Amino acid sequence: MSDIGELTAVQAAEAIAGGEFDPADLAAHYHQAAAVDDLNAFTWTPDEPPAPGEGPLGGLPVAVKDLFCTEGIPSQSGSKILEGYRPPYTATAVGNLQQAGASIQGKTNQDEFAMGSSNENSAYGPVLNPWDRTRVPGGSSGGSAAAVAAGSALWALGTDTGGSIRQPAALCGIVGLKPTYGAVSRYGMIAFASSLDQAGPLTRDVRDAALCLRHMAGRDRADATSVGLPEEIELPNAERLDGIRLAVPEEFAGGEGIEPGVLAAFEASLEKAKELGATVESCSLPTAPYALSAYYVLAPAEASSNLARYDGVRYGMRVDEDALVPMYTHTRHDGFGPEVRRRILIGTYALSSGYYDAYYGRAQRVRTLVARELDGVFSQADFIVTPTSPNVAFELGSKTADPLAMYLNDLFTVPFSLAGVPAISIPAGLSEGLPVGLQIAGPAFSENRILQAAHAMEKAIGFDQSPARTAA
Amino acid sequence: MAGLEPVIGLEIHVQLRTRTKMFCGCPTEFGAPPNTLTCPVCLGLPGALPVANAEAIHYGLMIGMALGSELAPRSIFHRKNYFYPDLAKGYQISQYDQPLCLGGQLGDVEIHRVHLEDDAAKLNHAGASGRIHGADASVVDFNRGGTPLAEIVTEPSLHSARQAAEWLRLLRTTLRQLGVSDVNMEEGSLRCDANISLRPAGSGELGTKTELKNMNSFRFIERGIDAEIARQAALIEAGEPVLQETLHFDPRSGSLTSLRSKEEAHDYRYFPEPDLAPVVITDEMLERARQALPELPLEREQRLLGLGLNAESARLLSWHGETGAFFDEALEVDDGASPQALANWTTELAGRLDSGDPAESKVTPQALSSLAAMVDSGKVTQGAGKQVLDRLVADGGEPEAIVAEEELEAVGGADELAPIVRAALEANPDVAEKLKGGDMKPIGVIVGYVMKETRGRADGGEVTALVRSELGLG
């Protein structure tokens, strides 16, 4: 074995099953890698490498986004208000992986309460992009994406509300999969927007994403909105796309607001898809341009309610005062960062008596229309493809003063979040030396088909999974 | 108050007697050490999610059926957002514009709706008052937090404090009979708010209402509503406006204090609870609820009327569940007393008890049945029967033994009574003269004499008949 750090999770699992190396070596390797991480990707790692578990994922360490509750381990959701908070229970998705033998390598940095597209909203400092340390890794699962891209994690868990797995995966040159809403239990995920949040893997390649999802997913009695998946996830092996119909939304195809290098990489991927036997046609999603506006009403509205529990009464931070209201006010003012406060205010406003219909009600109608339009396209085409993000990784601090510019990062990812359908981002190539993501979205519960298509594209694109480490 | 009509609507919170809480698996016991019946869900820990309790929905359907409500095939939960330390999640999960049950009627009161929600935790205020004002510190016990509640909302169709308290007894009896709640007001498993307004009698419009919060006994409800009606009437008569506000009634001082005005009312920012799926009612669920329905008070009232009870007895024994249940048990014994006689003795017994619940007295249904039978058959008189009841209430025991011991058996028949009647007439010659002349008014003097002589063991009717025959009046 030359370097066990070069192995994907699927390869490492096979090697461990074949007795090629001691799984403790793998745990030690990633423990050491996290210890020397200089990207600020981790918010917590154990003192000693975790003991290897038993099962199909036995011996595989997994990096876990901070917002998954992990029993006895800090779970802070990137927020000061939960500083030092150690939950008494473990999130179902993490528990499922542990059941399969995986162990927790550490907790990864993220935007506070998953609100952000650059990981600059973390109370524990920004994460750096391993491709260029002056740039952001994307967000909100920025720590998970950066750790996987830098090789300091074998693979990682993230969550996606409006693009929080796919966009950082794109900006870091790795694979990120957002499953169908309900495929993976949300129990124990510190909530941002309940009707949108969904857990998924960030991995080096498509087969790893499949392996991780296979063991995360499943109906959970503790999550009334979870349904699981109708079939087991298989490891994809497709190399052709014969007969596959890809649809490109004409609303996004014009290139407006898309960086030229991103558009070029996207168009090159479409050519590759055709070479593999796919047909590419354009489709119309007239409501899609409004999806972003609807999302930035609905997600803050739910967040304003979900974050009400951080009141200083039972756990987490408290600013002591003589009376109740000042205690609430100062705890929440000091405990939440500016972006979280902004979204709580937006959400509170949107739900207020007299404004509900104009904002929340209308946004819900947009959501319904978006889902209906996507359904219509999926009756004509197998997948919708777009660039994952309109831009490559941007410089730290370049968008923090302009929230709207930041929100535009989610332009292509948000429609699929609103509809609750699955979508994957895979590396499509580089633009000016930085990774570009290709998003492939399908109808609900089409994960196996998406993974097969993504696998074929991944092979054809031939993206070298390691330039981050060689560049560093 | 002249010319003013009170209009009252009630909101009743009923803690459901499910094994576990509304949205988690914690037990719903009362009286456990503080914060021992909790979990991540009912403590509102990060990441925890609610799952609706199927048994609570079942109980909700039973309540809806008992109240004749329309049962929604699909209902949803909303979040009601506000900050308070007894509210772990920062919102209550409640039903809003699509409740489980709509409309209905119980007795003479129309039902607006019935919906399900979770209860808040319990705040305990340390300090002399036991209330938040003047407390040194407040601590939260989350054992109660998350207990399933059914909120029953009436239409504003009540018009007096007395009627409200009486109707609440009927509702409580109905809920107890259903077995869905302990309906214990002291323990808080039944809590009542009242919306009160006044209007000119005969007017179709509603005046400005106030809300009277959380009264925890029938007596306080009646007193509280009466106090508020008087307060509003005084304002109106003085030409001052009634302000929309929420009030607390202090049963010790009888005073009303304002908790918050309309301007301070919360904006609850209701929106559909994204963590829960809609509640969809299947035919199986409806059938199961129907099967579980016992005899309800108004059905009992019909049955008792069928037994020949007069309307007053039938209503009393139905609306007051404990008394009615005792009556049914005594009726089962069947010692031969007529149902009406037994009903009279049951209400006589209930009236002598502070608790009003015969089951909590020393009198057994068997004893009451045998007492009623002895009186009904003439073995003891009505008056002697009441003496026996006094003994039963005080010491318990068997009526036959008490009658024997106190020699209370009726004195009857011409052999025993005629000499006493004769003596009475001889002792009161002027009365005897009047009676002979056909003026029967003073006969009470003679009956009284006989009763005194027999210590109440004679039957008044028999005495009268003997007097007439002694005097040759036929």
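Reply: Start with accessibility. This is a predicted model, and A:Arg318 in it is partly exposed, with a relative accessible area of 43%. The label follows because partly exposed covers what falls between buried, under 20%, and exposed, over 50%.

Me: What does A:Asp320 form with A:Arg318?

Reply: The two form a salt bridge, with 3.8 Å between the closest N and O atoms. A:Asp320 has a relative accessible area of 59%, so A:Asp320 is exposed.

Me: How many salt bridges does the structure hold over all chains?

Reply: The count is 43. One of them joins A:Arg186 to A:Asp223, the closest N and O atoms being 3.8 Å apart. A:Arg186 sits in the loop between strand S5 (175-178) and strand S6 (198-203) of chain A, and A:Asp223 in the loop between helix H6 (206-216) and strand S7 (245-249), so this pair ties together parts that are 37 residues apart in sequence.

Me: Are A:Arg186 and A:Asp223 buried or exposed?

Reply: Both are buried.

Me: Which residue forms a salt bridge with B:Arg79?

Reply: The partner is B:Glu273, with the closest N and O atoms 2.9 Å apart. B:Arg79 lies in strand S4 (residues 78-81) of chain B and B:Glu273 in the loop between strand S16 (271-272) and strand S17 (279-280), so the pair ties together parts that are 194 residues apart in sequence. B:Arg79 is buried at a relative accessible area of 0%, and B:Glu273 also counts as buried, at 4%.

Me: Which residues are linked with B:Arg79 and B:Glu273 in a network of salt bridges?

Reply: The network also takes in A:Arg186, A:Asp223 and B:Asp275.

Me: Last, a helix. How many residues does helix H12 of chain A have, and what does it reach from its first C-alpha to its last?

Reply: Compare the span with the expected one. Helix H12 (residues 357-378) has 22 residues and reaches 30 Å, close to the 32 Å expected at 1.5 Å a residue. Then check burial along it: the buried residues of H12(A) include A:Tyr360, A:Val366, A:Val370, A:Leu374 and A:Phe378.

Conventions. Residues are numbered from 1 along each chain as its sequence is written. Chains are lettered from A and ligands numbered from 1 in the order in which they are written. This is a predicted model: local features need pLDDT of at least 70, side-chain atom pairs count only at pLDDT 80 or more; totals for chains, interfaces and linings use all residues. Side-chain values use heavy atoms; hydrogens and water are left out. Helices (H or I, at least four residues) and strands (E, at least two) are DSSP runs, numbered from the N terminus. The expected span of a helix is 1.5 Å times one less than its number of residues. Buried means under 20% relative accessible area, exposed over 50%, partly exposed in between (1.4 Å probe, protein chains only). A salt bridge is a side-chain nitrogen of Lys or Arg within 4 Å of a carboxyl oxygen of Asp or Glu.
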